[in-house]
Amino acid sequence: MNRGYGSHYGKRRYVNRRRRQMIFRRTATIAAIIISTITLIGTSRIISHAEESDAPHYYKYYTSVTVMPGDTLPSIAAAYGDNYDSVEAHISEIMFSNHLTDEVVYPGTSLIVPYYSVEFVD
């Protein structure tokens with residue numbers, strides 16, 4: 001029996017070898033794409049995390065404030081809300097913390113006022 005490239009067996013062997021080579025090339029290409037993507041994502045996460053660490057870390061605290069004559073909720077929020085996006089956002093949080101339904105406050109009332117600080121208090 002002749003097993004050279006001229007025979008049916010030799011041709012089949014050659015075709016099978018080429019098929020395996022093509023499958024290997026495709027698999028290697030897909031693996032390279034996956035590894036590149038994972039590396040790119042990992043690198044971007046490291047870079048974004050490094051940028052976040054440069055910003056100061058703020059700690060949230062609460063203090064009790066007694067409303068004095070002439071005080072309003074916006075004036076109290078402005079006094080303690082340096083690190084809020086807006087005075088309105090701080091007013092909303094004060095109202096939520098004290099279960100208030102409107103912005104009217106009366107002298108002598110004690111309010112819980114949230115605020116942020118860069119200092120950690122144990």
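Tyr115 counts as partly exposed, at 26% relative accessibility. The scale runs like this: buried is under 20% relative accessible area, exposed is over 50%, and partly exposed is in between, with a 1.4 Å probe and protein chains only. Tyr61 is buried, at 15%.

A word on the source. This is a predicted model, where local features need pLDDT of at least 70 and side-chain atom pairs count only at pLDDT 80 or more, while totals for chains, interfaces and linings use all residues. Residues are numbered from 1 along each chain as its sequence is written, and side-chain values use heavy atoms, leaving out hydrogens and water.

Rings of Phe, Tyr and Trp (its six-membered ring) pair if their centres lie within 6.5 Å; planes under 30 degrees apart are stacked, over 60 edge-to-face, the rest tilted. Tyr61 and Tyr115 make a tilted pair, 5.8 Å centre to centre with 35° between the planes. Tyr61 sits in strand E1 (residues 59-66) and Tyr115 in strand E2 (residues 110-117), so their pair ties together parts 54 residues apart in sequence. Helices (H or I, at least four residues) and strands (E, at least two) are DSSP runs, numbered from the N terminus.

Next, helix H3, residues 87-97. Which of its residues are buried? His90, Ile91, Glu93, Ile94 and Met95 are. Their cover includes E1, helix H2 (73-80) and E2. Contact here means heavy atoms within 4.5 Å. After H3 comes His99, with a positive phi near 55°.
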